[in-house]
Amino acid sequence: MKQLAILLVMLTTVSIAAQRHDGPKMRKGPKMDMTAEQMATLQTKHMTLALDLTEDQQNQIYKINLEKAQFRKEKWAEAKAARESGEWEKPTPEERFEMQNARLDRQIAMQKKMRTILDTEQYETWKKFSNRKKMHGKKKMQERRRR
């Protein structure tokens with residue numbers, strides 16, 4: 001019985017040590033190595049495959065995706081510079097509200113643009129994909145908080 005208890009303790013210790021403990025670091029994703037044009041091109045091609053876009057739709061969506069990618073790269077660079085200089089601080093509730101409000105305004109504008117570009121069937125498919133992606137991101141954030 002004593003040997004079994006020792007064996008269980010050893011197995012538990014090894015399994016805990018084998019787990020990956022990165023901590024709450026902000027990870028640099030593989031997309032940040034690409035330029036904004038490359039990200040927009042890939043996103044447009046994914047959407048073309050999923051939604052069967054015409055050439056005109058592809059060009060219009062590429063412009064939208066390029067704007068989004070440039071905005072993301074700019075924000076990411078600002079955050080990186082603030083972290084490296086040591087002047088990054090946790091946003092206040094008012095700043096957090098402003099950031100969320102601005103993000104939702106951008107999403108509403110994106111939705112309106114997509115509604116004008118896509119036909120009804122394509123738009124519904126796009127809505128399903130974008131909602132699924134949002135839920136996946138929320139799920140990942142919840143998992144990250146549990147660690």
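Trainee: Which residues make up the largest nonpolar core here?

Mentor: That core has eleven residues: Met47, Leu51, Leu53, Ile61, Ile64, Met110, Met114, Ile117, Leu118, Tyr123 and Trp126. A nonpolar core is a set of buried Ala, Val, Leu, Ile, Met, Phe, Trp, Tyr and Cys residues joined through side-chain atoms within 4.5 Å; buried means under 20% relative accessible area, exposed over 50%, partly exposed in between (1.4 Å probe, protein chains only). Keep in mind that this is a predicted model, where local features need pLDDT of at least 70, side-chain atom pairs count only at pLDDT 80 or more, and totals for chains, interfaces and linings use all residues. Residues are numbered from 1 along each chain as its sequence is written, and side-chain values use heavy atoms, leaving out hydrogens and water.

Trainee: Which elements give two or more residues to this core?

Mentor: Those are helices H2 (36-51), H3 (55-85), H4 (93-117) and H5 (120-146). Helices (H or I, at least four residues) are DSSP runs, numbered from the N terminus. H4 gives the largest share, three residues.

Trainee: And what is Met114 in contact with, leaving aside neighbours within four places in sequence?

Mentor: Met114 is in contact (heavy atoms within 4.5 Å) with Met47, Ile61, Ile64, Tyr123 and Trp126.

Trainee: New topic: where is Asp52 found?

Mentor: Asp52 sits in the loop between H2 and H3. Its phi is near 55°, a positive value in a residue other than glycine.

Trainee: Buried or exposed, that Asp52?

Mentor: Asp52 counts as exposed because its relative accessibility is 64%.
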